[in-house]
Amino acid sequence: WADRVKPSQTQQLYGDAMELIAEGQQEKASGNDKQSRRAFKKAHKKLSRLLALSPRYTKALTADVEVLLYLGRSADALKLLNKSPKTVAKNWKLKHLLGIHLFRAGKKKRGVRLLEQALRRDSGLFDAHYILVGYYYKENKCGKAIKHGTAYLRLRPKDPNIMGVIGNCHLKRKDLTAATKAFERVLAWDPKNLPVRVNLGNIFFQKRQYNEAIAIYNQVLKSRTDLSPVHYNLAASYYALERWTKAEQHFGESSRLEPKRASSHYFRGLSLVELDRPKQAVGHLQKAASLDRTDPWSLVALAEISQHRKRLQEAADYAESALKRAPRNERILVLNGMIARKRKLYAKALQWYDRALASSPRNSMAYAERGFV
């Protein structure tokens, strides 16, 4: 008797639509995007006809909103859901889908609020966790991002993207140990992930483990030689270890790739000074001083080079220019005094030392120089 009973039109449409959705999901998993979209579009047409006949058919409404999610038509989904606000309010599955569509449509705060409500009903909604991880990370709410990322990884254990975000959150919070563990897990799953490898190198750099940082940065540069920040940090690691030739080489690469980065020119100039090549250093230090008109230290280095080369007027000009950028810096005030003393301008030297002591009363160098004058 049951076999002889014909299903109603709505039941027939719902059954056909569910078959098409299953087909679409299978094609999507196989990578056949065109076939997948065709199946989902057909399913949407059947579900639209069904909902025209029976607007309160909640299962059909849920299925159609899911299909529109696959098709990326959030605006259409929101129109559909807004027709049945009471049904949505009572059904947590529809609330979950509404949250996703609102988020995709740019109404992120309302979408996030609904997704949080849906997760209180069912913590296994991995797509909600995924969206919330990215949202909270961009909002600099690292605690919440880590919480949702950890929950997501319990459901989808080997996702290098989410683990990478968790690592970045730990890095923002300066929890270097936890960040290192997260990045190492990402690289175990995805050894070619260059951004994570760079971040791991940056952690070793921050920990002052320069040899480990150098090994990682060199590994990155085997794959990509055009990364200016990697060249810069690699050069800074060599600089910290007083390996001046390598430091100068990579600061040079960094300044070639990023010509307006003043610090690359500045440290390249200092490396050249250490290599006893002051003539070459001057050009880079002048470039650094012109690129960053607030930083005095390129001018200080130029003053010291000129003083060493016994060009005292030139040294005085550089030192006074540096002082205009940092009027109360006791080191720069003392440098001006030392240059004035070498020029035998003793009264002027005393003025510089007095200003240095007014700025920093415990400056032993200023006292010594003043006593000498």
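Student: If contact means heavy atoms within 4.5 Å, what covers the buried residues of α13?
Tutor: The cover includes α12 (194-206), α14 (228-240) and α15 (244-257). Helices here are DSSP runs of H or I with at least four residues, strands are runs of E with at least two, and both are numbered from the N terminus.

Student: Before we go on, what kind of model is this?
Tutor: It is a predicted model, in which local features need pLDDT of at least 70, side-chain atom pairs count only at pLDDT 80 or more, and totals for chains, interfaces and linings use all residues. Residues are numbered from 1 along each chain as its sequence is written, and side-chain values use heavy atoms, with hydrogens and water left out.

Student: Which residues of α13 are buried?
Tutor: They are Y210, A213, I214, I216, Y217, V220 and L221. Buried means under 20% relative accessible area, exposed means over 50%, and partly exposed lies in between, with a 1.4 Å probe and protein chains only.

Student: And how far does α13 reach?
Tutor: Helix α13 spans residues 210-223 and reaches 21 Å from its first C-alpha to its last, close to the 20 Å expected. The expected span is 1.5 Å times one less than the number of residues.

Student: What does V230 contact, apart from its sequence neighbours?
Tutor: Beyond the four places on either side in sequence, V230 is in contact with V198, Y217, V220 and L221. V230 is also among the residues with the most contacts inside the largest nonpolar core, together with I21, L47, V65, V67, L98 and F183.

Student: How many residues does that largest core have?
Tutor: It has 79. A nonpolar core is a set of buried Ala, Val, Leu, Ile, Met, Phe, Trp, Tyr and Cys residues joined through side-chain atoms within 4.5 Å. A second, separate core has 33 residues, including A289, A315, L323 and A366.

Student: Now α6: is H96 buried or exposed?
Tutor: H96, which lies in helix α6, counts as buried because its relative accessibility is 9%. Leaving aside neighbours within four places in sequence, H96 contacts L115, A118, L125, D127 and A128.

Student: A change of topic: how many disulfides are there?
Tutor: The structure holds 0 disulfides, a disulfide being a pair of cysteine sulfur atoms within 2.5 Å.

Student: Finally, how many helices and strands does the chain have, and what box does it fill?
Tutor: The chain has 22 helices and 0 strands, and its C-alpha atoms fill a box of roughly 115 × 40 × 30 Å along the principal axes. Its radius of gyration is 33 Å, whereas a compact globule of 373 residues would have one near 21 Å. That radius is taken over C-alpha atoms, and the globule rule is 2.2 Å times the number of residues to the power 0.38. Buried residues make up 45% of the 373 residues.

Technical notes: Contact means heavy atoms within 4.5 Å.
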